[in-house]
Amino acid sequence: MVKVIPIECKFGPISAWAYYIDAPEPALVDTGVASSAIGAIEPTLAEHGVKMEDIRWILLTHGHVDHLGGARAVWERTGQRAEIVIPKKDADLLRNRNTHITDYKQLQGKFVDPELHEKHISMMLNDISEDLEPTLEVVDGDQISLGGDVSITVVETPGHSIGSVTFVLDGLNWAFAADAVQMYGGERSGIPTIEYPTLYRKSVQHLLKVVRPKRLYLGHPFRNARDEVVIPQLEGDAVSAALQESLDMDARLAGIVKRHLSENQEKPANSDGLYGPFGSIAEEIGYTGDPRNLPCAFFVTMNGYQKELK
Ligand SMILES: [Zn+2]
């Protein structure tokens, strides 16, 4: 049986998880932020007698900073030999750091005071390593051999980001979904980060009904329906429960956003409060986070559901 080593990449108060797959051609799924390569990935692998230079595949589930930030440093440690794999639709986020700034402005920056923009952008760029050219851009159905009889299939699961994929270990049906599944949201944010709700819903339904993974490896500790923080490596019944909870939370958010934004249609958006035009929604869902701290799941997700209404 293939061994998987979960690696917790801590930065500030946040944890992003990377996963080492012990195949004949070893793979690393996601890489944390820039400091994670030396700070978390190398020491965790060393505890298991694994050297970073043995990694042959760097498999990035999507283009967000806390998943691809460490890619460059890991790749350097492999003597620039590892293949770098990223979903085609998120590839620009690896190739060109400026894409993160464009995304930031479109997805959340417009709801934040302009004087915070520079601070947010420099924080973001600090967590990304230098631009890196992917060696393989993948789309739905692509299969990658990790040597011997170990292979993975790419399943497109967009919604959290436009390009998010799930890497599924063939035969075992273990799914590395990272952030494509958000349950009731992050440990601290308490709200899922969903850039494209319609796509997210379809992706989670596809995982639940069609892929039906035996194990689910997620990118962060997420909250469940009872507001407990769940360790992001799930198996058995916990897999379908997490997928169903993700759909339940999406349905709840879609309903609330629709009600509030249609009720308020006549009123000018209140852009003075901390939560911009979404103050009444924050109140109803009990969201008390500070959107001036990055990453702000709240604005990204509100922006997504608001666009879905149009
Ligand atoms: Zn993400």
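Student: How many bridges join β10 to β11, and do these strands run parallel or antiparallel?

Tutor: This is a predicted model. In it, β10 and β11 run parallel and are joined by 4 bridges.

Student: What kind of unit do β10, α7 and β11 make?

Tutor: The three elements form a β-α-β unit, and its hand is right-handed. Helix α7 takes up residues 197-211 and lies across β8 (151-156), β9 (165-169) and β10 (174-178). Angles here are taken between N-to-C directions and run from 0 to 180 degrees. Against β10, helix α7 runs at about 175°.

Student: Which strand pairs with β11 in the antiparallel sense?

Tutor: Strand β11, residues 215-218, pairs with β14 in that sense, over 3 bridges. Within this pairing, Y217 has Q233 of β14 as its bridge partner, and R215 stands opposite E235.

Student: What is the strand order of the open sheet of 6 strands?

Tutor: Read it as β7-β8-β9-β10-β11-β14, with mixed pairing. The edges are β7 (143-145) and β14 (233-235); each has a single partner strand, so one side of each has no neighbour in the sheet. From one strand to the next, the twist averages 20°.

Student: Now strand β5. Is β5 largely enclosed or largely open?

Tutor: Count its buried residues. The cut-off for buried is 20 or more other C-beta atoms within 10 Å. In β5 (residues 83-87), 4 of the 5 residues are buried, so the strand is largely enclosed by the rest of the structure.

Student: Which residues are the bridge partners of V85?

Tutor: Take the two pairings in turn. Strand β4 (residues 57-59) runs parallel to β5, with 3 bridges joining them; there, L59 is partnered by V85. Strand β6 (residues 136-138) also pairs with β5 in the parallel sense over 3 bridges. In that pairing, V85 has L136 as its partner.

Student: Which residues have the most contacts inside the largest nonpolar core?

Tutor: In general, soluble globular proteins tend to bury nonpolar side chains together. Here the largest nonpolar core has 95 residues, and those with the most contacts inside it are Y19, I58, V74, A177 and V181. Neighbours within four places in sequence aside, V74 is in contact with L28, T31, A37, I41, M52, I55 and I58.

Student: What distance separates the C-alpha atoms of E133 and T157?

Tutor: The separation is 23 Å, for two residues 24 apart along the chain.

Student: How is the protein as a whole to be read, starting with its helices and strands?

Tutor: The secondary structure comes to 10 helices and 14 strands. The radius of gyration is 19 Å, close to the 19 Å that the globule rule gives for 310 residues, so the protein is as compact as a globular protein of that length. Along the principal axes, the C-alpha atoms fill a box of roughly 60 × 40 × 30 Å. As for burial, 49% of the 310 residues count as buried.

Student: What share of the contacts joins residues at least 24 apart?

Tutor: Taking contacts between residues at least 6 apart in sequence, 68% join residues at least 24 apart.

Key
Residues numbered from 1 in each chain as written. Predicted model: local features only at pLDDT ≥ 70, side-chain atom pairs only at ≥ 80, totals over all residues. Pairing = 2+ DSSP bridges. Helix = DSSP H or I, 4+ residues; strand = E, 2+ residues; numbered from the N terminus. Contact = placed C-beta atoms within 7 Å. Rg over C-alpha atoms; globule rule 2.2 N^0.38 Å. Buried ≥ 20, exposed ≤ 12 C-beta atoms within 10 Å, placed from the backbone. Core = buried A, V, L, I, M, F, W, Y, C linked by C-beta atoms within 7 Å. Right-handed = clockwise from strand over helix to strand, strands pointing away.
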